[in-house]
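This report goes through one protein model, from the whole chain down to single residues. Please keep the sequence and the structure in view while reading.

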Amino acid sequence: MAEVRTLHVIDVGKVVIADEEDRPVPDGGFRVETLYSGLSAGTELSYVKGTNPYLSSSWDPVLGLFRPDRAAAGYPVTRMGYMEVARVTDTRTGAVAPGQVLAMAYGHRTAYTAHWADDRFVPLPDDLDPMLGIYVAHMGPICANGLLHAAADLCGTDVRTLGDGVRGRRVVVTGAGVVGLLTALFARCHGAAEVVVVDRTPERLDCAARLGLDVLDMDAADPAPEVKTRWRHAHQDRGADVVFQCRGRPESLHLALRMLRPRGTVVDLAFYQDGADGLRLGEEFHHNALSIRCSQIGRVPRGLDHVWSRERLSAETVDLLRHHGDAIRGHLVTDVLPFDDAPAFVADLAARRRHTLQAVFDMAGDMAGDMAGPA
């Protein structure tokens, strides 16, 4: 059996590359070798920091509860990551062909043995930069699902396009990380009248501006009066039609609520690693009759499962990448590095010794021309 190198978190702040034996290719299976693996800094760093709820509680899928009374999985975390691009090297199924390039979500590892019935894979079109394929299987659908929730908020189950919730509307995105920036591009691409991105990190605001998005620095001035002064709908009706909340901090959700027009909706895509103790619901949330919709990639809005599959959200992602791929590759992908450098890089990110927007581990080893910009 072939040897596979995999990224593991063995304790808080301790990241290593471990050697494993890959299993043989079964009937109906296929083997891939990884070309690129993208880092999802928010979710993955929670394992390195020790803040992920799976480290302290056990998830009960029947009750839909985290159970602190049951043993948690804890360390080591041996499967981390969901943004892989790989080439098929061996196959015992007609579902894929040798040499085909796929988007998958199996974690940071140099190779993987999959089965057509158990593993999700998305063939990448030949005209798409394969590095951008890191967004196709999971990350892009996360953002597209946010727009789907905004559409369902307006149209119920009669959602025809992702633009149904943003077309002609004024949109704010809080958080200029990867999720926020892709969501903002989705909204603009699908006809939003205006899109404003709010953050406090200069590098992220600069990236948003270079992507052609309007920005507000949440530390320079209170964005809520700015947004409500800019956008008037009627007498005593000002603010954003919808806010996509993409920053995992409670003060960011509170700000999102403050920027909404009365009876507006926050579509929340964020992961609050430390909970949301600072959230305030006695002020704008109550007095303006606001709504919060949780957009989580495991669930599309109620009643849309039969129409809006993960495959359709991936297809929407491919379309976005075809239109904005050069800008995303040039501005959003800030670090491309060899897999051998991954443990130190991830540990530095968790300890706040460096910053990244989108880091990509190059498993193929061909680094020529891949550096998109500084960290």
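The text below takes up the chain as a whole, then selected helices, loops and backbone features.

**Basis of the model**

The model is predicted; local features need pLDDT of at least 70, side-chain atom pairs count only at pLDDT 80 or more, and totals for chains, interfaces and linings use all residues. Residues are numbered from 1 along each chain as its sequence is written, and side-chain values use heavy atoms, with hydrogens and water left out.

pLDDT is the predictor's confidence in each residue, on a scale from 0 to 100. Its mean over the protein chain is 92, and 97% of the residues reach 70 or more. Over residues 366–375, pLDDT stays under 50. For that stretch the model has 21 contacts beyond four places in sequence, a contact being heavy atoms within 4.5 Å.

**The chain as a whole**

The protein chain holds nine helices and 19 strands. These are DSSP runs numbered from the N terminus: helices are H or I with at least four residues, strands are E with at least two. The radius of gyration is 21 Å, close to the 21 Å that the globule rule gives for 375 residues, so the protein chain is as compact as a globular protein of that length. That radius is taken over C-alpha atoms, and the rule is 2.2 Å times the number of residues to the power 0.38. Along the principal axes, the C-alpha atoms fill a box of roughly 70 × 45 × 45 Å.

Of contacts between residues at least 6 apart in sequence, 66% join residues at least 24 apart. Buried residues make up 52% of the 375 residues. Here buried means under 20% relative accessible area, exposed means over 50%, and partly exposed lies in between (1.4 Å probe, protein chains only).

The accessible surface comes to about 16400 Å², and carbon and sulfur atoms account for 48% of that surface. Areas come from the Shrake-Rupley method with a 1.4 Å probe; for residues, only the protein chains shown count as cover. There are 40 positive and 50 negative side chains, and the centres of the two sets lie 6 Å apart. Lys and Arg count as positive and Asp and Glu as negative, while His and the chain ends are not counted. The place of a charge is NZ of Lys, CZ of Arg, CG of Asp or CD of Glu.

**Residues by accessibility**

The table gives relative accessible area for selected residues.

| Residue | Relative accessible area | Class |
|---|---|---|
| T183 | 0% | buried |
| A176 | 0% | buried |
| R247 | 16% | buried |
| E203 | 44% | partly exposed |
| R263 | 66% | exposed |
| Q236 | 68% | exposed |

A176 sits in the loop between β10 (170–174) and α3. Beyond its neighbours within four places in sequence, A176 contacts L181, V197, V198, D199, R204 and L357. Its C-alpha atom is 9.5 Å from that of D206, which is 30 residues away along the chain.

Helix α3 spans residues 178–189 and contains T183. Not counting residues up to four places away in sequence, T183 touches C143, L147, F244, C246 and L269.

E203 belongs to helix α4 (residues 202–210).

R247 is placed in the loop between β15 (240–245) and α6. Setting aside residues up to four places away in sequence, R247 touches T174, G175, R200, M218, S252, A270 and Y272. One of these, S252, is also among the buried residues of α6.

Helix α6 (residues 250–259) is mostly covered, with eight of its ten residues buried. They are P250, S252, L253, H254, L255, A256, L257 and M259.

**Backbone features**

Y75 and P76 are joined by a cis peptide bond, with omega about 0°. P76 lies in the loop between β5 (65–67) and β6 (84–91).

Q236 is placed in the loop between β13 (232–234) and β14 (237–238). R263 is not a glycine either, and has a positive phi of about 65°. R263 lies in strand β16 (residues 260–268).
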